[in-house]
Structure formats: structure tokens, C-alpha cells
Amino acid sequence: MKALFLICLFVMTTSVFAQETEGNISWTADNGNGTYTNPLFYDEFSDPDIIRVGDDFYLAGTTMHATPGLVILHSKDLVNWKFMSYCFDRFNMGDEFKLENGKEAYGQGIWAPCIRYHDGKFYVFSNINGHGLQVFIAENPAGPWKHINIGGRIYDLSVLFDDDGKIYAVYKYNEVHLIEMKPDLTGFVEGSERVIIPAGNAMGEGHHFYKINGKYFIISANYAPVGRMQCARADRPEGPYETVTISAKETMGTRRVHSVNNVGLGSPVPEDGFDFKVSGDDGNYFSAVPLHQGGIVDLPNGEWWGISMTDFRAVGRTVCLSPVTWADGWPYFGLPGNLGRTPRTWFKPNVESVSLPHAPYVRSDNFDNDKLLPIWQWNHEPVDKKWALKNGKLRLQTMPARSFLWAKNTLTQRCIGPVSTATVELDASSLRDGDVAGLGLLNMPYAWLGVVCTGKAKDLVMKVQQGNKTISLQRQMEVNDPAYKGTVYLRIAVDLDADLAQFYYSLTGSEYEKAGEKVLLPYQLKTFQGSRYSLFAYNEKEREGGYACFDNFVVDEPMSDRTSNLPIGKVISLCNLSNGTYAWANPHGMLHSAGKGSREYQNGGCFFKVHDRGKGRIALEAMNGTGFLTVVGAGLSADVRMMEKESDASLFLWQDMLRGQCMLLSLSTNRYIGIDPVTGEPYGADWTGCRPDRKDGTVFKWTVIDSDGSVKKTEKSATY
């Protein structure tokens with residue numbers, strides 16, 4: 001498996017100082033061997049909608065209250081994406097979008113877009129809460145975009161340009177409505193609204209409306225009682241419709257753990273001292289984690305693929321790519337023999353264009369260019385006269401704010417997982433009395449590390465909203481530490497799979513000290529976003545102050561290079577996470593289990609050589625001479641046999657679950673190798689997928705074994 005190379009197609013060479021040519025510096029789903037591994041992005045991308053125009057794919061996503069807004073990505077292969085444009089730069093719709101006069105738009109703004117292409121033009125339809133339906137139109141998806149405010153309460157919609165020239169929109173939750181739009185998109189045809197799917201038919205929201213081979217399909221997301229994808233089908237746009245579930249239970253082995261229960265959409269911004277109620281471990285309860293909102297798209301060769309989102313812990317919501325199997329006229333997410341479940345790793349779509357692995361964005365920025373990289377978004381609308389890119393630095397002038405969440409001109413980008421660090425240099429020499437500036441995590445609860453100016457003294461302070469903690473780290477740095485020259489180096493390390501962050505600081509830029517304890521990053525529905533890195537400066541004494549200068553913002557992703565996660569040519573053991581037993585090539589000719597330390601474990605029956613069979617496919621050969629793991633029959637318990645001669649039924653697709661964990665997808669059954677941890681049965685190849693806790697018998701911890709039988713190496717992990 002060859003090393004991956006990051007080819008960033010968004011060329012901005014003068015400001016990209018961290019872009020090396022070797023190794024991944026940012027997550028890409030492309031494994032470089034003809035396969036991809038979900039999620040497509042390890043940062044937030046919610047409410048995806050997708051179209052194909054010729055050989056090009058376009059993806060639109062929600063941006064809520066952040067600006068610029070409504071992001072459009074472009075791809076040639078559905079796996080590697082690049083930034084294309086934002087549909088607008090500012091809302092220009094009121095105080096709530098500017099954090100003025102006590103108003104805010106957290107979690108509001110613009111969401112659930114619908115992207116369409118018709119008669120040579122691109123259209124993006126999306127609702128702005130309180131301001132109605134908006135449409136953005138462009139001849140080139142790179143922009144510029146023309147804006148029309150249609151108004152009305154048409155939300156979570158999808159639009160269909162029908163063959164007869166009519167334009168339809170479907171919307172609403174549970175009770176699905178259809179309305180016809182005027183040809184010039186200035187409004188709706190009077191009297192055209194009707195209910196096409198009555199309540200009680202399991203339909204949800206975030207609809208995606210298609211006409212395929214003469215039939216009308218509506219795909220929708222439902223969160224009640226748990227996340228899943230529904231599909232409705234009819235011969236006419238007005239129905240009648242029949243409905244089925246097309247995707248369910250697929251969490252990619254991700255649990256819903258830490259969530260804020262008393263801060264939600266429409267609730268007031270929690271002020272300092274607020275008592276956050278954060279849930280603990282929800283075990284295997286799905287909630288909205290399973291794949292839900294998203295759509296489908298076809299390839300020129302007739303293949304169909306699905307794009308949908310999943311709730312992904314501290315990341316927020318992100319996107320997965322699913323093969324689509326048509327069965328009985330329904331577009332099921334999943335594979336033949338395993339409908340409704342999506343592989344974590346699968347073969348890339350069969351397209352003519354060859355795309356080398358690359359990430360959608362460049363994340364590190366030294367601010368040397370005359371504009372910000374597209375990864376950056378402002379928290380609400382900025383005050384343009386109060387920030388600048390000057391002398392190779394980002395300058396933020398302080399303005400009055402009672403706390404971090406009310407600070408204007410906070411510049412953000414999404415935290416990237418699985419683990420990452422963000423480091424920035426802060427020149428605090430021009431801060432004045434009452435000024436606060438630093439590096440933060442925008443969330444509710446928030447946390448930040450920065451410099452607080454009181455009179456002429458500058459203190460290094462950490463603020464954690466959960467528990468209302470203020471921690472003084474360096475008091476009067478100018479007086480007490482000769483290493484301080486006006487610049488302090490701030491760092492955040494996040495583990496988004498654990499919902500944790502650790503802050504660090506340095507006065508020299510070489511050796512870093514921990515700041516405080518680890519900070520919890522729960523998900524909440526007030527911002528309706530995951531955690532964000534944030535550069536901020538404000539004045540807490542209700543006055544105009546000085547300014548802060550930021551330089552060399554560097555994002556490092558130590559787990560983004562996954563080339564060692566498939567141990568080709570290695571001898572490994574496979575420990576089942578459900579009960580700690582090891583997969584064992586039983587001399588009776590089947591794959592069974594052996595407890596660690598048992599007589600069976602001490603021989604080569606628990607060691608398997610990983611043979612490369614191309615495009616991510618592997619064969620596993622038992623080192624006790626019993627042969628190759630091979631699936632026979634329907635893959636029931638005891639149907640995972642040891643065969644002397646390898647065959648097509650011996651092929652598995654390695655599922656990279658990160659941190660030295662994997663699943664084995666049989667390419668004979670399109671299901672997974674697994675055991676029931678309580679029955680003592682031998683392995684079968686009939687498991688549809690794993691539970692959120694990964695302890696149902698389908699997930700292994702793999703370990704490389706040396707020639708003498710000792711542990712040699714496990715997958716590289718990352719800690720802070």
C-alpha cells in the first residue's frame with residue numbers, strides 16, 4: 001500500500017506554508033489503493049445535498065450562523081473533494097446576525113440546502129430562519145451567485161425541475177407538503193400547496209426529491225425515535241406514495257456520549273456561571289447517530305451512490321459515502337445481501353477521472369495572503385473595519401463584549417479529527433486595559449486560553465465555562481518572565497473521538513506547558529455545530545480597546561496518514577473486543593475463539609498472515625498450516641472455514657476502524673466476520689455491522705506479531 005500524497009487543488013501557494021509534498025497533512029477518505037474509508041470528512045459537514053453535472057459532482061452543506069455561508073464542494077470521484085465557493089458573504093438581514101443589541105443567531109441562520117442544476121444554471125435553495133426561503137443562482141458553481149429572497153415558511157425543502165417545466169418543492173416534517181414554484185422563482189403558485197404524504201407514514205425532514213425512470217422519489221431523514229433514512233415512491237408528484245426504510249442502524253461504530261441537555265435551539269446564550277447538564281455514556285442508544293439526512297446520485301455508468309450525514313460526537317455532523325443497491329425498485333443504502341448498512345471501507349466509485357488523494361481544504365494559515373483561506377468562517381457577521389490582514393498577520397481590534405460568546409470578529413474553523421492540534425502565535429503587545437485575546441474552542445460550554453490585560457499588566461489566563469473556572473497561569477508576564485517578548489504561543493490538542501481537549505502554552509515557541517485539566521467537548525443544539533478552533537479579541541470593560549496580532553496558525557493531524565493501518569505482509573493476531581478472545585484457526589477446520597493465555601493461544605493458530613490481493617482486498621493465512629480463512633455456504637456460524645487452497649471466497653475487505661481496530665467484510669456475503677460473545681459458537685460471516693460500542697463480536701483489535709510470537713507493533717495512535 002503506497003504512501004499517500006496530499007494534492008490540494010485549491011491553489012493559494014503564497015499563503016500555504018504548511019503544505020508539504022509527502023504524507024497526509026489533512027484527513028482524506030481516499031486510501032490510495034482504490035478504496036475509501038468513511039467518514040469522507042473528519043470535520044463537520046451537515047445536511048449534505050449532491051448533484052452530478054456531466055462528470056462533475058457538487059456538494060452543498062449547511063453553515064448556520066457562520067459567514068461566509070452555504071458552502072459548495074466539487075469532486076470528480078465522490079471521494080476527494082475540494083472547496084468551490086460560498087454562496088454569500090454576509091446575511092445583511094438584521095442585528096441577530098451581527099451579535100448586536102443583545103441579539104444572536106446561534107444555530108439559526110441558513111441550513112439544509114438543496115442544490116440543483118437546470119438549463120445551464122446552478123441553484124441552491126435554503127431557508128434562513130425568520131427570513132424565509134432563499135435561492136442562489138449561478139452559471140458557474142465557483143460564483144458569483146445571484147440572490148433572491150422568496151420568503152415564506154418553506155424549510156428543509158427539496159426542489160424538482162420536472163420534465164413538463166413545472167418546479168416543485170417538498171418540505172415539512174412527518175406530514176410532507178408539495179408546492180409549485182413560479183417559473184421565475186419569485187414566489188409560489190397560488191393554491192398549489194397540498195399534503196402529499198399524510199402524517200403517520202414514518203417520513204421525516206430534510207427531503208431530497210428526484211424523478212428516476214418516470215417515478216418520483218422522496219428521501220428523508222427521521223430522528224424519532226432514532227436516526228434513519230426513509231424513502232417514498234409514487235407515479236405522480238402529488239402521489240399517492242408508498243414508503244420504506246432504506247438505511248438504518250449504521251453508526252460506523254460511533255457512540256452518542258456527551259450531550260448538553262439544557263441548552264438547545266432557541267434557548268438563551270448560556271452566560272458565565274450557567275449550570276450545564278451534560279449527559280454521560282448512552283451506551284448503544286442510537287439517538288440521531290445513525291446515517292440519516294442526505295441524497296443519492298448516479299454515475300455515467302449507471303452506478304448509484306448515497307451521501308448522508310451522521311452525528312459524530314465532538315465533530316458535530318459529518319458525511320459518509322454509501323454504495324446504493326436498487327432492490328424491488330427502491331434505492332437501498334448498502335450492498336446486495338446487506339441492505340441498509342454502509343461499509344466503513346469500500347471500493348471507490350467507478351469513474352473515468354483519476355483523482356489522487358487530497359483534502360478539501362488547507363487548514364494552516366500564516367496570514368501572508370491578502371485574503372483568508374476558505375476554511376475560515378466568522379462567528380456571525382464581522383465588523384469589516386475592525387480586522388485586517390496586515391504585515392503577514394491577522395489583526396483583530398477589540399470591541400466591547402460581555403463574554404467570549406458575544407465577542408464580534410471571532411474567526412473560526414472546524415476542529416478536525418480524529419485528533420489534531422492547533423497552534424498559533426499571539427502578539428499581545430498592543431492590548432489595552434480590559435482587552436482579552438487568545439485561542440478558544442467555540443462551543444457551549446466554551447473554553448479559551450489567552451492574554452488578559454488589566455491596566456498595564458498582562459496575565460495569561462484560561463477560562464472554562466463548564467464549572468465557571470478562571471485559571472491564572474502567568475501573572476504579569478512582562479514583569480515575572482524574561483522569556484516573554486510580547487508574543488505567547490497557544491495550542492489546543494483535541495481528541496474528537498473522546499470529546500476531550502487539552503490546552504498548552506509557551507513563551508518561547510519551543511517547550512509547551514499544559515494549561516489546566518482536560519476540557520470536555522459535549523455536543524449541543526444551540527450552536528448546532530461541533531467544536532471550532534477560534535481566534536478572538538474583545539474588551540470586557542465595555543470599551544473600544546487595542547488590537548491583537550495572530551500569526552502562523554498551524555493545524556497538525558497525527559492520525560491522518562493511515563498507510564500503516566492495513567498490515568500487508570505482516571503476521572497479526574485478532575483480539576475480539578466483545579470478550580477479549582482471539583480468533584483461532586481450529587484444527588477442525590473452522591475459525592473459532594481462544595482465550596488469551598490458553599494452550600491454543602500459544603501456537604500459530606492465533607496468528608494470521610495478511611496477504612495483499614489488490615484494491616484493499618486481503619486474504620488471511622493461518623500460521624498453524626490449516627490454510628486460508630474462506631467463507632462457505634451462507635456464511636452462518638462455522639461457515640468461516642480454513643481451506644488449503646485460496647479462492648474468491650477467501651477475499652475480505654479490511655475495514656479500518658482506527659486506533660488498531662478493524663472489521664473483516666467478506667466479499668462473498670457482503671457481511672462481516674463475527675461471533676456472539678455469549679454463546680461460544682464459532683465465527684460466521686453473516687453479521688450486518690457493528691454496534692456503537694463495537695462489542696457485539698464484529699470488531700477486532702489487531703496486533704502485529706514478531707517471528708518469536710511476541711507483540712511487535714500496533715497501529716500508530718496519537719495522544720496529547
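Predicted model: local features only at pLDDT ≥ 70, side-chain atom pairs only at ≥ 80, totals over all residues.
S12 and S13 (residues 194-197) pair in the antiparallel sense over three bridges. Strand S12 also has strand S11 (residues 167-171) as a partner, again antiparallel, and here five bridges are found. Within that pairing, Ala 169 stands opposite Ile 179. The hairpin of S11 and S12 has four residues between the strands, and Lys 172 takes a positive phi near 85° in it.

Strand S12 (residues 176-181) is mostly covered, with six of its six residues buried. Val 176, Leu 178 and Glu 180 point one way from the strand, while His 177, Ile 179 and Met 181 point the other way. In a regular strand the side chains alternate between the two faces of the sheet. In S12 the residues on both sides are buried, the charged Glu 180 included.

**A seven-stranded sheet**

Another part of the model holds an open sheet of seven strands in the order S24-S27-S36-S29-S30-S31-S32, paired antiparallel. Strand S24 (377-378) and strand S32 (469-474) stand at the edges; each has a single partner strand, so one side of each is left without a neighbour in the sheet. Within the sheet, strand S29 (residues 435-442) and strand S30 (residues 447-454) run antiparallel and are joined by six bridges. Leu 441 has Ala 447 of S30 as its bridge partner.

**Salt bridges**

The whole structure contains 35 salt bridges. Three of them are listed here with the distance between nitrogen and oxygen.

| Asp 272 | Lys 463 | 3.9 Å |

The salt bridge of Asp 272 and Lys 463 links distant parts of the chain, 191 residues apart: Asp 272 lies in the loop between strand S17 (242-248) and strand S18 (294-298), and Lys 463 lies in strand S31 (residues 457-464). Asp 272 is partly exposed, with a relative accessible area of 34%, whereas Lys 463 is buried at 9%.

Asp 459 has a relative accessibility of 8% and counts as buried, because the limit for burial is under 20%.

Salt bridges also link Asp 43, Arg 363, Arg 414 and Glu 557 in a network.

**Aromatic contacts**

A search of the whole structure finds 32 aromatic pairs. One of these is formed by Phe 41 and Phe 45, which are tilted, at 5.5 Å centre to centre and 45° between the planes. Phe 41 is buried with a relative accessible area of 3%, and Phe 45 is buried with 6%. The rings of Phe 88 and Phe 136 have centres 5.6 Å apart and planes at 20°, so this pair is stacked. Phe 88 belongs to strand S5 (residues 81-88) and Phe 136 to strand S8 (residues 132-138), so the pair ties together parts 48 residues apart in sequence. Phe 88 is buried at 11% and Phe 136 at 2%. Elsewhere, Phe 404, Tyr 446, Trp 448, Phe 536 and Tyr 538 form one aromatic cluster.

**Pocket and cavities**

The largest pocket has a volume of about 830 Å³. Its lining comprises 43 residues, of which Glu 205, Tyr 223, Arg 317, Leu 525 and Phe 528 lie nearest its centre. Strand S6 (110-118), strand S7 (121-128), strand S15 (215-222) and strand S19 (304-311) each supply at least two residues of the pocket lining. That lining divides into 18 nonpolar, 15 polar and ten charged residues.

Seven cavities of 30 Å³ or more are also present. The largest cavity has a volume of about 130 Å³. It is lined by 14 residues, and Glu 44, Thr 62, Thr 63, Arg 414 and Arg 532 lie nearest its centre. Arg 414 is also a member of the salt-bridge network with Asp 43, Arg 363 and Glu 557.

Key
Residues numbered from 1 in each chain as written. Heavy atoms only, no water. 1 Å grid on protein atoms, 1.4 Å probe; cavity = no way out; pocket = protein on both sides within 12 Å on 5 of 7 lines; lining within 4 Å. Points joined across faces, edges and corners; volume = space filled by probe spheres on them. Pairing = 2+ DSSP bridges. Buried < 20%, exposed > 50% of the residue type's maximum accessible area, 1.4 Å probe, protein only. Salt bridge = Lys/Arg side-chain N within 4 Å of Asp/Glu carboxyl O. Phe/Tyr/Trp six-rings, centres within 6.5 Å; stacked < 30°, edge-to-face > 60°.
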